[in-house]
Amino acid sequence: MKILHLSFECYPIAKVGGLADVVGALPKYQAKLKTESNVIIPFYDNSFVRKSKKKELYQGKINLGNQFYEYTIYKNESKKIAFNLFYIYIENLLDKENVYGYEDDLYRFLSFQLAALDWIKNNEVSFDVFHCHDHHTALIPFFINYCEDFIDLKDTSTVLTIHNAQYQGQFSHDLVNLLPSFDTNYSGLLDWYGQINPLATGIKCASKVNTVSPSYMEELKEKANGLEGLLRTEGYKCVGILNGIDDLFWNPETDKMLVKNYKQTNVVSGKRKHKNELCKKYGLNPEYPLFGFIGRLVGEKSADLLPEAIKEAISKDKEISIFLLGSGHKNIEDELTNLKEEFKGNFNVHIGYDETLSHLVYAGSDFLIMPSRVEPCGLNQMYSLRYGTIPIVRRTGGLKDTVIDIGDDGFGICHDQASVWDICYSINRASILYKDKTFFRKIQKKIMKIDHSWAKSAQDYLTLYTSINKPSQIYND
C-alpha cells in the first residue's frame, strides 16, 4: 500500500504545532508495517530545505482563476529524513519562510493542493491513499471526486485527519473561481453556513475522517466551531485515533539534548541532575517541587489563567517553583514577565521556544501543567511521562485519554474545569504527593513504563486505510 501524506507541517522541516510531530513521525512507523509512506510539503525558504540535498522531479503549471503558476516538484535526498519526502516549489507562494500568517495563505493552500494533484495526474505517479491533514489540504477529496481536471484520480481513497477543528479555512463564495471547474450540482458540498469551508467539505467528501484522539472526536460532535451537526451526520465514517510519540527521539536514555542520559532504574538521580541545571539557570530552588509548562500562551491552552494561578499558588505555598516556556499573546507574555520580579526565586519564564530547553524542562520538572481548554490529543503529556515527569491535566480531548488520576489508581493529577481554582487545587495536590517521597518515586518509575509510541497508532491507521470501500461517495447518487 502506498500512502501520500499532504501537509503544511512536518518535523523537523517546518513546525508550528503537533501536526508537524505527527507527519514527521507516523510515516516512519508505517514503514515498519511494510507500508510505503510518503510526505509532500511546501518548499519552505528555511535552512533545512536550503541545505538539504534535493532532486528535481517534475515541472508543471496550474491556474487559480485566471492566473497561472509554474511549479516544481523536488524529492528530498537527505538521509536525515527516514521516508520519501517531496517539496512543491511555487515562486512567491510556496517558497516563504514561515508556515502561516500571510495575506495570500488561501492562494498558498489552494496552489499546494492543485500542484500536488496535477503532478500525480500527469506524471503517472500513483498512490492508494491521499492522507490529508487539516483544512489546508481538505479540499482534495472534493477535487478528485467532482472536478473534471482530476477525475482520473477518483478511485484513490482519501483520509482526512482533523488536528484542530477550530481552524477551518473558510472563504467567500465570491472566490469560487479559484477552484478547478466542477459540476455546479455539487456546489452544496463546498458550503457551510454561507461560506466555502474546506474542513467541512473534507468531512463530507473524504472516504474516512479521524481526529487525533477518541475523546476529541466525541467532544467535536457537541462543540466544533459550527461543525457539530455535520460530524454527527457523518459519524458512520468518523473515528478517533490517538497520536503516538516518536519514542526513538523522545527517549531520556539516548536524548542528545540532555545534560546526562538516564532511564527508569536511575530516574531519581537523572532527573535531579536536570532539575539542578534548570533551577540554577533560572534562579529557582531545586529543593521545592518544580512545575513546568511548555506551550503556546493562548486561550486554548488556558494560558490566560496562568498569571493569576501562579500568584495564588505561590502566595499560598512559598515552597514551590514554577517555570514556563512558551510564547503567544503579548498581554499574557507581559503579565508573566512582570511576575518574575514579584516572585523571584519561585517563578521564572522563558518567552519564545527553544527545543533544547524544552527537553531540559521535561527532564528536570517534577510535574507538567496542562490545563487546556482544548487539547485534540496533546503530546506534551506523553513526552513528560516518558521523562518521568507527572502530568497535571484538565480532562479534555487526548489528555482525558492518556492520563488517569492517582485517586483512580492512576499516575497523574486531573481536574475538570479550566479555572484558576482548579489549577491551584491541582498544584496543591501535587505538592502533597511530592512530600511522600516513596510514593512519588514509585509513580515516576511507573509512568516511564507507559508505551505511547506510534507502533499501535500506525497499525490503527493501516486498519483505517484498509477499511475503505471504494468506489463509494454517497453524494454521487
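Student: Which residues form one aromatic cluster?
Tutor: In this predicted model, one aromatic cluster is formed by Tyr-11, Phe-249, Trp-250, Tyr-362, Tyr-383 and Tyr-387.

Student: How many aromatic pairs does the count come to?
Tutor: The count comes to 27 aromatic pairs. One of them joins Phe-8 and Phe-112 in an edge-to-face arrangement, with 5.1 Å centre to centre and 70 degrees between the planes.

Student: Where do Phe-8 and Phe-112 lie?
Tutor: Phe-8 belongs to the loop between β1 (2–6) and α1 (18–31), while Phe-112 belongs to helix α3 (residues 105–122), so the pair ties together parts that are 104 residues apart in sequence.

Student: And are Phe-8 and Phe-112 buried or exposed?
Tutor: Both Phe-8 and Phe-112 are buried.

Student: What about Tyr-146 and Tyr-186, what are the angle and the distance there?
Tutor: Tyr-146 and Tyr-186 make a tilted aromatic pair, at 35 degrees between the planes and 4.6 Å centre to centre.

Student: Which parts does that pair tie together?
Tutor: Tyr-146 is in helix α4 (residues 140–146) and Tyr-186 is in the loop between β7 (157–162) and β8 (191–192), so the pair links parts that are 40 residues apart in sequence.

Student: Is Tyr-146 buried or exposed?
Tutor: Tyr-146 has a relative accessible area of 5%, and because buried means under 20%, Tyr-146 is buried.

Student: Changing topic to charges: which ring does the charged end of Lys-32 sit over?
Tutor: The charged end of Lys-32 sits over the ring of Tyr-29, 4.5 Å from its centre.

Student: And what does Lys-96 lie over?
Tutor: Lys-96 lies over the face of Tyr-102, 4.5 Å from the ring centre.

How values were computed:
Residues are numbered from 1 along each chain as its sequence is written. This is a predicted model: local features need pLDDT of at least 70, side-chain atom pairs count only at pLDDT 80 or more; totals for chains, interfaces and linings use all residues. Side-chain values use heavy atoms; hydrogens and water are left out. Rings of Phe, Tyr and Trp (its six-membered ring) pair if their centres lie within 6.5 Å; planes under 30 degrees apart count as stacked, over 60 as edge-to-face and the rest as tilted. Helices (H or I, at least four residues) and strands (E, at least two) are DSSP runs, numbered from the N terminus. Buried means under 20% relative accessible area, exposed over 50%, partly exposed in between (1.4 Å probe, protein chains only). A charge sits over a ring if NZ of Lys or CZ of Arg is within 6 Å of the ring centre and within 35 degrees of the ring normal.
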